[in-house]
Amino acid sequence: MNTVVLLSRDRLLLQQLQQAFARCAPQVRAVLADDPGAAEAPLAACWFPPAGRLQALPKLRLIHSVAAGIDHLEHDPGCPALPVCRVVDTGHRQGMTEYVRWAVIHYHRGFDRVLRQQTERCWERPLQRPAGLFKVGVMGLGSLGAAIAQDLAGAGYQVRGWARSAKQLPAVQCFVGTQGRAAFLEGLEVLINLLPLTAETRGILGGETFARLAPGAALVNCGRGAHLCLDDLEQALSSGQLRGALLDVFDEEPLPADQRLWSMPGVTVTPHMASAASHDCIAQQVAENLRRLNAGQPLLNLVDRAQGY
Ligand SMILES: NC(=O)c1ccc[n+]([C@@H]2O[C@H](COP(=O)([O-])OP(=O)(O)OC[C@H]3O[C@@H](n4cnc5c(N)ncnc54)[C@H](OP(=O)(O)O)[C@@H]3O)[C@@H](O)[C@H]2O)c1
């Protein structure tokens, strides 16, 4: 009843999570897949669980992602049709806000250009434009996207947001669904992706999207690698339709050393660092959902599996 099995290909993460459970939720026994106690576990806490492991747990009743997204579960074709919860953490929002704030200032104030100029010893001041004239768009207005859009609006930017359902956020112009997508994108100077990866959003960052942005716009991808079409990105960068792309997430992580993105002009690669829930927070939220599961109470941060997020 009080056992959680930890499943991931990342050995260091497994160790860190075990330590966090010992620290923050000592009433829970957090075991690895090869521990005989795993067969008793009603809950599995996962980040890219090795294929077949979930299926092999006879008492499993709840799958818990240790991240905000649940798309990593798709990598196991045998993932059982059980309820899935995810972690929603204010620390996540804080980290993402800092990352995106930096990205928007970077492109708005032309730091990308002056860094390039420095390699040529070129002294050319970029024009200073008021934030209120700079158009920024956030795709996805969920737990992270809504906080980011509001933070940027608070910093004075002209902010648009896009989601599947209607939203009302102070000082953010909100657009809805497929019918609102073109108007949302039109003339944006920075596009920030904070969508979950679903069948509908896979490949959404492609030529058609880039063509609607202002010429010389920049892309910030904090969603998932599979949102982005690499060929379209390369083309948009070489034509100048995009002047830069800050990419934090990739189809394959760690990004392989021979991947062309490492050296694509205009691309900045960061190692999936925008934000992460702390290990302590993960242990606390998983332990609370285990308690609720055992007590037959409603679970926190339950995901709609059919919808994919
Ligand atoms: N790079 C990193 O370090 C990092 C860290 C954490 C998370 N992430 C990524 O960020 C994603 C978002 O996290 P979150 O916690 O904010 O997710 P969330 O709370 O589930 O919000 C998702 C948002 O996307 C919108 N959406 C989903 N499908 C859509 C579609 N087809 N068209 C338009 N809008 C759509 C949803 O619209 P509705 O509100 O109308 O449902 C919602 O506003 C995660 O799934 C993960 O991939 C990255």
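**Salt bridges, domains and a pocket in a predicted model**

The side chains of Asp-231 and Arg-260 meet in a salt bridge, with 2.8 Å from N to O; a salt bridge is defined here as a side-chain nitrogen of Lys or Arg within 4 Å of a carboxyl oxygen of Asp or Glu. This pair links distant parts of the chain, as Asp-231 belongs to helix α7 (residues 230–239) and Arg-260 to the loop between β11 (242–247) and β12 (267–269), 29 residues apart. Helices (H or I, at least four residues) and strands (E, at least two) are DSSP runs, numbered from the N terminus. Salt bridges that share partners join Asp-231, Glu-234 and Arg-260 into one network. Asp-231 is exposed, with a relative accessible area of 52%, whereas Arg-260 is partly exposed at 34%. In these assignments buried means under 20% relative accessible area, exposed means over 50%, and partly exposed lies in between (1.4 Å probe, protein chains only).

The structure is a predicted model, in which local features need pLDDT of at least 70 and side-chain atom pairs count only at pLDDT 80 or more, while totals for chains, interfaces and linings use all residues. Residues are numbered from 1 along each chain as its sequence is written, and side-chain values use heavy atoms, with hydrogens and water left out.

A search of the whole structure finds 13 salt bridges. Side chains of opposite charge can pair when their charged atoms come close. One of these salt bridges is formed by the side chains of Arg-202 and Glu-74, at 3.5 Å from N to O. Arg-202 lies in the loop between β9 (190–193) and α6 (207–212), and Glu-74 lies in the loop between β4 (62–65) and β5 (84–85), so the pair ties together parts that are 128 residues apart in sequence. Arg-202 has a relative accessibility of 46% and counts as partly exposed.

A further salt bridge joins Glu-189 to Arg-129, with the closest N and O atoms 2.5 Å apart. Because Glu-189 is placed in the loop between α5 (177–185) and β9, and Arg-129 in the loop between α3 (111–119) and β6 (135–139), the pair ties together parts that are 60 residues apart in sequence. Glu-189 is buried, at 15% relative accessibility, whereas Arg-129 is partly exposed, at 31%.

The protein is divided into domain 1 (3–89 + 276–295) and domain 2 (93–269), with bounds taken from an automatic or database domain assignment. The centres of the two domains, taken over C-alpha atoms, are separated by 32 Å. The contact between them takes 7 residues from domain 1 and 5 residues from domain 2, contact meaning heavy atoms within 4.5 Å.

Thr-3 lies in strand β1 and is buried, with a relative accessible area of 8%. Leaving aside neighbours within four places in sequence, Thr-3 is in contact with Arg-29, Val-31, Gly-37, Ala-41, Pro-42, Leu-43 and Leu-290. Thr-3 and Gly-37 are 34 residues apart in sequence, and their C-alpha atoms are 7.3 Å apart in space.

The second largest pocket holds about 280 Å³ of space. On a 1 Å grid over the protein atoms alone, a pocket is an open set of points where a 1.4 Å probe fits, with protein on both sides within 12 Å along at least five of seven lines, and lining residues have an atom within 4 Å of a point. Grid points are joined across faces, edges and corners, and the volume is the space filled by probe spheres set on the points. The lining comprises 13 residues, of which Ser-8, Arg-11, Leu-14, Leu-32 and Ala-33 lie nearest the centre of the pocket. Both β1 (3–8) and α1 (11–24) supply at least two residues of this lining, and the largest share, 4 residues, comes from α1. By class, the lining divides into 6 nonpolar, 3 polar and 4 charged residues; Ala, Val, Leu, Ile, Met, Phe, Trp, Tyr, Cys and Pro count as nonpolar, Asp, Glu, Lys and Arg as charged, and the others, Gly among them, as polar.

Several backbone features were also identified. The peptide bond from Glu-253 to Pro-254 is cis, with omega near -5°, and Pro-254 lies in the loop between β11 and β12. Phe-48, although not a glycine, has a positive phi of about 50° and is located in the loop between β3 (43–47) and β4. Asn-301, likewise not a glycine, has a positive phi of about 55°. Asn-301 is found in the segment after α8 (279–295) and is partly exposed, with a relative accessible area of 30%.
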